[in-house]
Amino acid sequence: MFQSLDHSSVRRGYQVYKDVCSACHSMNFLAFRNLIGVSHTEAEAKTIAEEYMIKDGPDDTGEMFERPGKLSDYFPNPYKNEEEARAANSGALPPDLSYIALARHGGEDYLYAILTGYCDPPAGVEVREGLYYHPYFPGQAIAMAPALYNEIIEYEDGTPATLSQLAKDVCTFLRWAAEPEHDTRKLMGIKMLMIMSVLIGGAFYMKKSRWSVLKTRKIAYKPPA
């Protein structure tokens, strides 16, 4: 209840998503401005956005054009449409990751198991070509190849990029992306508990002081002579 997300891990997780996951997976509901104050400064987020060319328009002549990204733009999709995405992934459609941490039972724990749980199939188990054995995936066969391994990227802050660290960071980032108000909501809850404790204490005192006379009085009945 009193825990917040590790914002350093969120920043590293974004780097993992950008350098690895974004090649196949979209995040259509997350904008560059959402990074400000969480994992990046406004200047850093603006620089990241400008690395992408966004299709916009029409212009004064009715033509579409490309421009550098802005903070208000959403993360670009790696594919133009669903058909292109399926064609590039042997018919499998890579899911959008915006709310994946809330859309899967187990949340980020499930995602961590998916990213780190690849292994060789046991004896007697055959996996169809193009699929990979995975004990934690429903059906034990997944179309996504192992995406993370040791030192696949180099962290900006010098953190050792082990498989477990990469998976943990990107899962933290996806957890934040699915619920950006996570920390704010918990902070508001703590403030509300503090306010309510004062109000309840004051209400209890007022009740005891106001009603004490009525609740402690004695009523004596004297029959008429």
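This is a predicted model: local features need pLDDT of at least 70, side-chain atom pairs count only at pLDDT 80 or more; totals for chains, interfaces and linings use all residues.
1. Residues are numbered from 1 along each chain as its sequence is written, and side-chain values use heavy atoms, with hydrogens and water left out. Helices (DSSP runs of H or I, at least four residues) and strands (runs of E, at least two) are numbered from the N terminus.

2. The volume of the largest pocket is about 740 Å³, and among the 29 residues that line it, His25, Pro94, Pro95, Ile142 and Met144 lie nearest its centre. Two or more lining residues come from each of helix 5 (107-116), strand 4 (141-142) and helix 6 (163-178). A pocket, on a 1 Å grid over the protein atoms alone, is an open set of points where a 1.4 Å probe fits, with protein on both sides within 12 Å along at least five of seven lines, and a lining residue has an atom within 4 Å of a point. Grid points are joined across faces, edges and corners, and the volume is the space filled by probe spheres set on them.

3. The second largest pocket holds about 230 Å³ of space, and of its 13 lining residues, Ser4, Leu5, Glu108, Thr172 and Arg175 are the closest to the centre. Helix 5, helix 6 and helix 7 (182-216) each supply at least two residues of this lining, and helix 6 has the largest share, with four residues.

4. What kinds of residue line the largest pocket, by class? Its lining has 24 nonpolar, four polar and one charged residues, whereas the lining of the second largest pocket has three nonpolar, four polar and six charged residues. Here Ala, Val, Leu, Ile, Met, Phe, Trp, Tyr, Cys and Pro count as nonpolar, Asp, Glu, Lys and Arg as charged, and the others, Gly among them, as polar.

5. Helix 6 is mostly covered, with 12 of its 16 residues buried, where buried means under 20% relative accessible area, exposed over 50%, and partly exposed in between (1.4 Å probe, protein chains only). The buried residues include Asp169, Thr172, Phe173, Arg175 and Trp176, and the elements that cover them include helix 1, helix 4 (100-103), helix 5 and helix 7. The 16 residues of helix 6 should span 22 Å at 1.5 Å a residue, and the 23 Å between its end C-alpha atoms agrees with this; the expected span is 1.5 Å times one less than the number of residues.

6. Helix 1 (residues 7-19) can be checked in the same manner: its 13 residues should span 18 Å, and its end C-alpha atoms are 18 Å apart, which agrees. Its buried residues, including Ser9, Val10, Arg12 and Tyr14, pack against helix 2 (42-50) and helix 6. At the N-terminal end, Asp6 caps helix 1 with a side-chain oxygen that lies 3.1 Å from the backbone nitrogen of Ser8.

7. Leaving aside residues up to four places away in sequence, Ser9 touches Lys168, Asp169 and Thr172, where contact means heavy atoms within 4.5 Å.

8. Ser39 lies in the loop between helix 1 and helix 2 and is buried, with a relative accessible area of 8%. The side chains of Ser39 and His40 are joined by a polar contact of 2.7 Å.

9. Some backbone details deserve a look. Gly57 and Pro58 are joined by a cis peptide bond, with omega about 5 degrees, and Pro58 is placed in the loop between strand 1 (53-56) and strand 2 (65-68). Gln140, although not a glycine, has a positive phi of about 60 degrees and is partly exposed at 37% relative accessibility. Glu151 likewise has a positive phi, near 60 degrees, and counts as exposed at 53% relative accessibility.

Definitions and conventions. A polar contact is a pair of N or O atoms within 3.5 Å; within protein, one must be able to donate a hydrogen and the other to accept it, and residues adjacent in sequence count only if both atoms are side-chain atoms.
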